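Student: I have just opened this one and would like to walk through it with you. Could we start at the surface and then work inwards?

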Amino acid sequence: MNVLFPVLVTFFAGMGAGLGTGFAGMSAAAVISPMLITFLHMDPYMAVGIALSSDVLASAVSAYTYHKNKNLDIKNGLIMMASVLASDVYKRQVLAFTVVGSWVASKVPSATMGGFSVFMTFLLGVKFIVRPVMTTKEAMLGVSAKKRAVQSVVCGIVIGFICGFIGAGGGMMMLLILTSVLGYELKTAVGTSVFIMTFTALTGAVSHFMIGGAPDWGVWVLCVLFTLLWARIAAVFANKATPKTLNRATGVVLVVLGI
């Protein structure tokens, strides 16, 4: 039973995280962190590190699937994730703030950090149910490239810090920013979000493990594998679903987890 319980917890955590990632670009940390903290009594800081590392492969395979269905804005995605790939303002911005976020998180009491993560999960779920994102691709193309670039600078700072601090911001907050601030159509926003998350999650995970030490490798392997499996399944179906369905499904999952 002692061996089976962690397997069941990581299976359902990976399933929730993978479905959330594949369907709506949700960070694995929004699902995995609360479940590891609640059911396995894991330290919140280490739980976020495991969740972020689970996000890397899941986001990568999801991004590939969205790209195949032409729902990925690679050009602007590269600009926002240039923090990992090039030594320009975006690199100093997102990479630096992701690492800073990880450092700040290590100084926050575990109970405070765990409660904040769960509360944010609930609020994000309510938002997607009450106010679903219904922006069209036509409206998305109406935003000028210059305006989007300027907004990306500010948004990169916020995303990088939150990704390093609680992990959840790497996916859901990025999706909110892409749709609400940068005017992206939902599926393109999801595809672009998971594309960027592949790299920001990697940076956040490495920062967490460097600061907090090695994770529980058994739990880590199970979370990575289960999240990857369900993310692949979800991404395939998500590209055929309606935006309203994606919004509502994600919102319900987040609210239930938050409660």
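Student: Which residues form a nonpolar patch on the surface?
Tutor: This is a predicted model, and in it the nonpolar patch on the surface is formed by Val3, Leu4, Val7, Leu8 and Phe12, which together have about 440 Å² of accessible area.

Student: Take Leu4, then: where does it sit?
Tutor: Leu4 has its place in helix α1, and with a relative accessible area of 46% Leu4 is partly exposed, because a residue counts as exposed over 50% and as buried under 20%, with partly exposed in between.

Student: Okay, new topic: how many aromatic pairs are there?
Tutor: The count comes to five aromatic pairs. One of them joins Phe11 and Phe226, whose ring centres are 5.2 Å apart and whose planes stand at 85°, so this pair is edge-to-face.

Student: Why does that angle make it edge-to-face?
Tutor: Planes over 60 degrees apart count as edge-to-face, and the planes of Phe11 and Phe226 are at 85°, so the pair falls in that class.

Student: And which parts of the chain does this pair link?
Tutor: The pair links distant parts of the chain, since Phe11 belongs to helix α1, residues 4–24, while Phe226 belongs to helix α12, residues 217–238, and the two are 215 residues apart.

Student: What about Phe11 and Trp230?
Tutor: The ring centres of Phe11 and Trp230 lie 6.2 Å apart with their planes at 75°, so that pair is edge-to-face too. This pair also links distant parts of the chain, with Phe11 in helix α1 and Trp230 in helix α12, 219 residues apart.

Student: Which residues end up in the cluster?
Tutor: Ring pairs link Phe11, Phe12, Phe226 and Trp230 into a cluster, and Phe12 is also one of the residues in the nonpolar surface patch.

Student: Zooming out, how many helices and strands does the protein chain have?
Tutor: The protein chain has 13 helices and zero strands.

Student: How much of the chain is buried, and what about the surface?
Tutor: Of the 259 residues in the protein chain, 54% are buried, and the accessible surface comes to about 11000 Å², with 74% of that belonging to carbon and sulfur atoms.

Student: Last one: what share of the contacts is between residues 24 or more positions apart?
Tutor: Among contacts with a separation of 6 or more, residues 24 or more positions apart account for 83%.

Methods:
Residues numbered from 1 in each chain as written. Predicted model: local features only at pLDDT ≥ 70, side-chain atom pairs only at ≥ 80, totals over all residues. Heavy atoms only, no water. Helix = DSSP H or I, 4+ residues; strand = E, 2+ residues; numbered from the N terminus. Buried < 20%, exposed > 50% of the residue type's maximum accessible area, 1.4 Å probe, protein only. Contact = heavy atoms within 4.5 Å. Areas by Shrake-Rupley, 256 points an atom, 1.4 Å probe, with all protein chains shown as cover. Phe/Tyr/Trp six-rings, centres within 6.5 Å; stacked < 30°, edge-to-face > 60°. Patch = residues over 30% accessible without salt bridge, like charges linked within 9 Å, V, L, I, M, F, W, Y side chains within 5 Å. Salt bridge = Lys/Arg side-chain N within 4 Å of Asp/Glu carboxyl O.
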